[in-house]
Amino acid sequence: MSTTTAIEKSEEKVYPPSSEAVAHALIDAAKYDEMYAASINDPQAFWNEHGKRIDWIKPYTIVQNTSFEPGNVDIRWFEDGTLNVSANCIDRHLPTRGNQTAIIFEPDDPKEPAQSISYNDLHRRVCRMANILEDLGVRKGDRVVIYLPMIPEAAYAMLACARVGAIHSIVFAGFSPDALAARVNGSDAKVVITADEAPRGGRKTPLKSNADAALLHCKDTVKCLVVKRTGGQTTWVDGRDFDYNEMALEADDYSKPAEMSAEDPLFILYTSGSTGQPKGVVHSSGGYLVFASMTHEYVFDYHDGDVFWCTADVGWVTGHSYIVYGPLANGATTVMFEGVPTYPDASRFWQVCDKHKVNQFYTAPTALRALMGQGNEFVEKCDLSSLRILGTVGEPINPEAWNWYHDVVGKGRCPIVDTWWQTETGGHLLTPLPGAHATKPGSAMKPFFGVNPVVLDPHSGEEIDSYPCEGVLCLKDSWPSQMRTVWGDHERFEKTYFSDYKGYYFAGDGCKRDDDGDYWITGRVDDVINVSGHRMGTAEVESALVAHAAVAEAAVVGYPHDIKGQGIYCYVTLMNDREPSDALVKELRQWVRTEIGPIASPDVIQWAPGLPKTRSGKIMRRILRKIAENDFGSLGDTSTLADPSVVDDLIANRAG
Ligand code: WTA
């Protein structure tokens, strides 16, 4: 599936916003134009006004103070204001909506009853968890790692950290003990919050034993707070492990929200880059919350009383911004789903939409592609008349999946918001607004308020002003929820995002801008691959492979995959004394799953007696990508290779 053909094929298709969407909309076309112009012409005045959408303990007087200047990158928003994020997500709603449902929890097993947690309940639970954390010695600025299933306690834990001013770092429950240990140590966390087991798709991941294995590699002082989810057997280390459910019975129902500076970090979230190990993306308290809540309201056209469902996991940024912080700051009802789209069968998503009368549904293209292949009857047997807005995120959506979403799920009634953004951006940067913009299958369309995208020529670094055009996507100015730094390594922050194109934030994505000025993301231009909407650094998989005793060298690239978007293709050179075998393929696959997690599992392993290298020893990944893509006609210039014959061997023995 090449993005180019997708664009050419679908460019004729334009869906203007329906009259229903326009009539309902918080923002119509005229309002968007007016607000967008204001946000770009005078960002200080614009954000001075919109920063007030959240409650401040001490109001800010300084709005934007940001610099993208090389060597001096510094991002601050609302810097002299103070606030508490948990008070914004809970306490301020209590007088008006204490009994309204804040969180609907839908368990993995549909036979287990769903739970409705009101804002009053949420307040009590979060206060108790905050008091427990304080009992365990957690103070303002300390780090807490959260390694939990998609259960309400994950939201309580996040908000409890925010309440006491601790910085949370969530580790996706699918990550391995090694990955967990690296993140606990990387942020020098005081406490790890986990659960006995994580039920998912009818299976159980042993989270507590994973945490036990991880904690062997962490400081002795790290404490482990354990939530009971399944009641499954766990081992217990006295003095280190603490029983959350028992402590919650005793804990006080009130905890005073700490007064935090706008720029105090709210969370760290590790994400993959093109080089090295994952880096800790740091987000602020004030600017992040302003932007997460504003995008949640306008992009999903969220009205009071709506039921909003984002199917992501809280282990990813999408879950942070659009399950927890954005919706709860807006006093919304947000669905937390523990399961998977295909369990017990392929109608689960639609059954949950039907059951909870979901109004806005937000998911990833990879899930749509998987469900699309199962047949329409799984959708059609459910009543989806409550749906008003559909959203996608995480990877480019192919027009086939877009059209299926639009026609079969949305019955042609629901605008699709294709939201482009990143862990680093904290919230949506490019997206149509449902009542303001037309949509086109595969296009992320327009910049959100305050977002100033430019297309640069990748070679000259010059801005391209013509339409249509193609190049790399950069941002010319800051927005409130921009990441502030890489945890413990500001230099890496500058180098990764601000050094390739001076004076700009470089996203790592390629894009096109069409005649109408609408944006189309064409995918990563670096060594990051996107597997089922999950970001994976090829360098991480390579370093996991070479850590195996049989492997001398490895090179990993992405290749097009029908369901996952991209698959993981590994070229492996074995040690001299090792022979290739099917058993070894299996072993290496399992090895990577153990080192990183199942999401990094190699799709294809090809034995490579040699890798194509330049005379200076640099691996020519461009060639490896082409071979993996089965595109031998355009290998380009191979004359600079130290040994051109290795390419013939790789082509002759292409796997998969
Ligand atoms: C990709 C997820 C095309 C992109 C929120 C980006 C997308 C990376 C889209 C970030 C989209 C995200 N269309 N590509 N609508 N949304 N991407 O950090 O390559 O997990 O750089 O954040 O996903 O992935 P991340």
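**Entry 1: the chain as a whole**

What radius of gyration does the chain of 656 residues have, and what would a compact globule have? I began with this, noting that the model is predicted. For 656 residues a compact globule would have a radius of gyration near 26 Å, and the chain has 24 Å, so the two agree. I then looked up the extent of the C-alpha trace, which spans about 75 × 65 × 55 Å along its principal axes. For secondary structure I recorded 22 helices and 30 strands in the chain.

**Entry 2: the ligand**

Which residues come nearest to the ligand? I found 17 residues around the ligand, and D418, T419, T423, D509 and R535 come nearest. I next looked up polar side-chain atoms facing oxygen atoms of the ligand. A polar side-chain atom of T423 lies 2.6 Å from a ligand oxygen. For R524, I noted 2.9 Å between an N or O atom of its side chain and an oxygen atom of the ligand. For N530, the corresponding entry is 3.4 Å, again from a side-chain N or O atom to an oxygen atom of the ligand.

I asked how much of the ligand the protein buries. Taken alone, the ligand exposes 530 Å², and the protein buries 96% of that. I sorted the shell by class and wrote down 6 nonpolar, 6 polar and 5 charged residues.

**Entry 3: the second largest pocket**

I turned to the second largest pocket, with a volume of about 360 Å³. Its lining has 20 residues, and S274, T275, K495, T496 and D500 are the closest to its centre. Which elements give two or more residues to this lining? I found α18 (490-498) and β24 (505-513). The largest share, 5 residues, comes from α18. By class, I recorded 4 nonpolar, 7 polar and 9 charged residues in the lining of the second largest pocket.

**Entry 4: the cavities**

Rolling a probe the size of a water molecule over the atoms shows where empty space is left. How many cavities of 30 Å³ or more does the structure hold? I counted 2.

The largest cavity contains about 50 Å³ of space. I listed its lining as V85, A162, G165, A166, M260, P265, L266 and S285. Of these lining residues, 6 are nonpolar, 2 are polar and none is charged.

The second largest cavity contains about 40 Å³ of space. I listed I170, V171, F172, F175, R183, L269, Y270, G315 and W316 as its lining. That lining divides into 7 nonpolar residues, 1 polar and 1 charged.

**Entry 5: the backbone**

Most residues other than glycine have a negative phi, and most peptide bonds are trans. I looked up where the chain departs from this pattern.

The peptide bond from Y343 to P344 is cis, with omega near -5°.

I then noted a cis peptide bond from Y467 to P468, with omega near -10°. P468 is placed in the loop between β21 (453-456) and β22 (469-475).

Is the phi of D188 positive or negative? I recorded a positive phi of about 50° for D188, although D188 is not a glycine. D188 has its place in the loop between α9 (177-186) and β8 (191-195).

Definitions and conventions: Residues numbered from 1 in each chain as written. Predicted model: local features only at pLDDT ≥ 70, side-chain atom pairs only at ≥ 80, totals over all residues. Heavy atoms only, no water. Near = heavy atom within 4 Å. Polar contact = N/O pair within 3.5 Å; in protein donor to acceptor, adjacent residues only side chain to side chain. Areas by Shrake-Rupley, 256 points an atom, 1.4 Å probe, with all protein chains shown as cover. Nonpolar A, V, L, I, M, F, W, Y, C, P; charged D, E, K, R; others polar. 1 Å grid on protein atoms, 1.4 Å probe; cavity = no way out; pocket = protein on both sides within 12 Å on 5 of 7 lines; lining within 4 Å. Points joined across faces, edges and corners; volume = space filled by probe spheres on them. Helix = DSSP H or I, 4+ residues; strand = E, 2+ residues; numbered from the N terminus. Rg over C-alpha atoms; globule rule 2.2 N^0.38 Å.
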